[in-house]
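Me: I'd like to learn how to read a structure like this one, feature by feature. Can you walk me through it?

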Amino acid sequence: MTGPRTLPWSWYSDPEVLRREQERIFRRTWQYVGHAGLVEEVGDRFGAWAGEVPVLVVRDEEGPRAFLNVCRHRGSLLVEGPGNGKTVQCPYHAWTYALDGSLRAAPRSDREPDFDSQGVSLVPLRLETWGPFLFVNPDEAALPLLETLGPLPSFVPVDNLAFHSRDEYELAANWKIGCENYLECYHCPVAHKGFSAAYDVDPDEYRLEPTGAYVLSQFAHTRDDEEEGKGQFHFVWPNLKLNQLAGPPNLSIGPLLPAGPERATGFLDYFFAPDADDAWVEELLAFDRQVGAEDRVLVERVQKGVRSGIVDEGRLLGESEQLVVRFQELVDSALS
């Protein structure tokens, strides 16, 4: 059989491959960590992750800042959930940092003649924004966020939306399998009856398009001519999903992060127009959650298959799975 081949199936369960992905992908790319509403007031803070890198986002008098969420004493995480305070204090030994990351107090440090508080400030990370969305990158040499996003901001207006809620989920599957599932609708007629009834998933109508060097997009028209707009589903390398369903203004955005060679975690932050009808919002959330539940079954089934070790790789359809092909090229290039 000819056509593009998949990545080696061993890459979906090999801990060494995941180690390389953390180093060469997640420590070098922009990661969506949350929205500006989480740090509206001075002192607001929350913890997040960029791959396996723990992130602290905090607001001081000058605006949001990002730091490595690691105490410079013995390495404890500083913050997990959201909160507010005049300082950031480690829950282990009470080392206390100002909102600009400088060390303000370390109990008993006055007993140490050579203690240098200047050398143990929190490690800063790059933080850039798109509308209300906060992104962090551990790589100081990475391209600016807007260059990574390419034309995406022109497709998706984001400034007049209000945060509604966050859905968190886990998958018993490698993160790449979850991303690849998102990047094609070849499976939609078989696995997503509700979605396929609402949107035209015929291959001549459902459009797949690499809209930028790091953005892979899908566009779908509804089957109901009276429904407003169309569906847009955008993927930003390496792991960000951004969805806009047909109807009044709405958007969901969130990453899929590795939690081990064969596990992943993710979340979606949902945004709607401030005057959105509550009943319509709940209907959209139920629709989206149903599609997500169906996808969970699919990707976990794939994980069980590729881990068998009997077959080395699979085959792809170059047209219907062109975005999967592009994603796998990016993975292979990063690891090579």
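Reply: Helices (H or I, at least four residues) and strands (E, at least two) are DSSP runs, numbered from the N terminus. Before we go on, this is a predicted model: local features need pLDDT of at least 70, side-chain atom pairs count only at pLDDT 80 or more, and totals for chains, interfaces and linings use all residues. Residues are numbered from 1 along each chain as its sequence is written, and side-chain values use heavy atoms, with hydrogens and water left out.

Me: Is Ser252 buried or exposed?
Reply: Buried means under 20% relative accessible area, exposed over 50%, and partly exposed in between (1.4 Å probe, protein chains only). Ser252 has 3% relative accessibility, so it counts as buried.

Me: And which residues is Ser252 in contact with?
Reply: Contact means heavy atoms within 4.5 Å. Setting aside neighbours within four places in sequence, Ser252 is in contact with Lys241, Leu242, Asn243, Leu268, Asp269, Tyr270 and Asp288.

Me: How do I read a nonpolar core?
Reply: In soluble globular proteins, nonpolar side chains tend to be buried together. A nonpolar core here is a set of buried Ala, Val, Leu, Ile, Met, Phe, Trp, Tyr and Cys residues joined through side-chain atoms within 4.5 Å. The largest one has 50 residues, and those touching the most other members are Leu183, Phe195, Tyr206, Phe272 and Phe327. Beyond its neighbours within four places in sequence, Phe272 is in contact with Leu161, Ala162, His164, Pro249, Asn250, Trp280, Val281, Leu284 and Leu285. Another core, of 19 residues, lies apart from that one, with Trp130, Val156, Val158 and Ile253 among them.

Me: What about disulfides?
Reply: A disulfide is a covalent bond between the sulfur atoms of two cysteines. The search criterion is a pair of cysteine sulfur atoms within 2.5 Å, and over the whole structure it finds one. That disulfide joins Cys185 to Cys188, S to S 1.9 Å. The torsion about their S-S bond is about -105°, so the disulfide is left-handed. Both Cys185 and Cys188 are buried.

Me: How do I describe two packed helices?
Reply: By the angle between their axes and the distance between the axes. Axes are lines fitted to C-alpha atoms, for helices over the stretch in contact, and angles run from 0 to 180 degrees between N-to-C directions. Take helix α4 (residues 175–182) and helix α7 (residues 278–306): their axes come within 10 Å and cross at roughly 130°. Angles under 35 degrees count as roughly parallel, over 145 as roughly antiparallel, 65 to 115 as roughly perpendicular and the rest as oblique, and α4 and α7 are therefore oblique to each other. Ile177, Gly178 and Asn181 in α4 meet Asp295, Leu298, Val299, Val302, Gln303 and Val306 in α7.
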